Amino acid sequence: MNMVKLAVIYYSSTGINYQLAKWAEEAGKEAGAEVKVVKVPELAPEAAIASNPAWKEHYEATKDVPEATSDDIEWADAIIFSAPTRFGNVPSQMKQFIDTQGGLWASGKTVNKVVSAMTSAQNPHGGHEATILALYTSMMHWGAIIVPPGYTDQVLFQAGGNPYGTSVSQGQDGKMVEDVQGAVKHQVKRTLEIAQKVAGS
Ligand SMILES: Cc1cc2nc3c(=O)[nH]c(=O)nc-3n(C[C@H](O)[C@H](O)[C@H](O)COP(=O)(O)O)c2cc1C
């Protein structure tokens with residue numbers, strides 16, 4: 001594979017989407033891509049973060065992860081987004097990041113980015129597909145090329161079978177319920193394959 005540039009852009013408050021992003025990074029490197037993992041800026045007040053020990057711990061542990069900028073989107077051929085559901089929707093942190101790309105969009109630089117999205121939720125029916133669809137709506141406005149996993153590999157079935165994008169439930173213990181690592185890796189590799197075709201190489 002020629003060096004496809006992959007940006008993994010995520011938001012995570014308690015670490016699930018960070019783990020999905022790290023698996024995406026691994027898959028990208030395994031596939032020979034040049035990979036950046038970047039987090040969108042946090043918007044919540046320090047008091048809110050401090051009130052939740054899991055959030056506070058993850059916030060501190062990932063302080064050194066670089067923050068996503070427009071340059072990362074411009075740089076990337078392919079983008080994997082990962083963000084938890086918030087009341088069935090994209091978290092405001094990720095939405096704010098997307099909503100601050102007006103300049104990039106206006107100069108045509110979001111066009112033909114090859115994108116795919118992942119998410120997590122507390123409940124198996126708590127908004128997985130709705131969250132991914134909400135993100136994909138913005139991607140249509142960007143003129144991006146959306147690459148859903150569909151049912152293109154058996155690994156999808158053990159991961160809960162979400163054809164929109166890999167999604168995972170988070171149990172009461174804070175851990176992932178389904179085994180989705182293989183699905184993440186498949187989704188990333190498929191996205192990179194399409195990105196390579198779009199690049200014409
Ligand atoms: C304000 C708020 C709203 C949420 N809304 C939902 C929801 O509608 N459905 C659901 O199943 N989980 C909901 N959750 C749970 C998170 O989506 C879930 O814990 C997710 O796995 C967190 O991912 P993270 O560890 O990457 O932050 C909500 C959490 C918060 C803080």
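UniProt, in an unreviewed entry, lists residues 6-192 as "domain: Flavodoxin-like"; such annotations may be inferred rather than shown by experiment, and their positions follow the numbering used here, with feature names shortened. The model is predicted: local features need pLDDT of at least 70 and side-chain atom pairs count only at pLDDT 80 or more, while totals for chains, interfaces and linings use all residues. Residues are numbered from 1 along each chain as its sequence is written.

Over residues 6-192 the chain is 42% helix and 16% strand, with 8 Å between the end C-alpha atoms. Helices (H or I, at least four residues) and strands (E, at least two) are DSSP runs numbered from the N terminus.

Strand β3 (residues 78-82) is largely enclosed by the rest of the structure, because five of its five residues are buried. Buried means that 20 or more other C-beta atoms, placed from the backbone, lie within 10 Å of the residue's own. In a regular strand, side chains alternate between the two faces of the sheet. On one side of β3 the buried residues are A78, I80 and S82, and on the other I79 and F81.

Strands pair if DSSP finds at least two bridges between them.

| Partner strand | Bridges to β3 | Direction |
|---|---|---|
| β1 (residues 5-10) | Five bridges | parallel |
| β4 (residues 114-121) | Five bridges | parallel |

V8 has I80 in β3 as its bridge partner, and F81 stands opposite A117 in β4.

The ligand is surrounded by 18 residues, the closest being S12, N17, P84, A121 and G126; a residue is near if its C-beta atom, placed from the backbone, lies within 6 Å. Both α1 (16-30) and β4 supply at least two residues each to this shell.

Notes. Buried ≥ 20, exposed ≤ 12 C-beta atoms within 10 Å, placed from the backbone.
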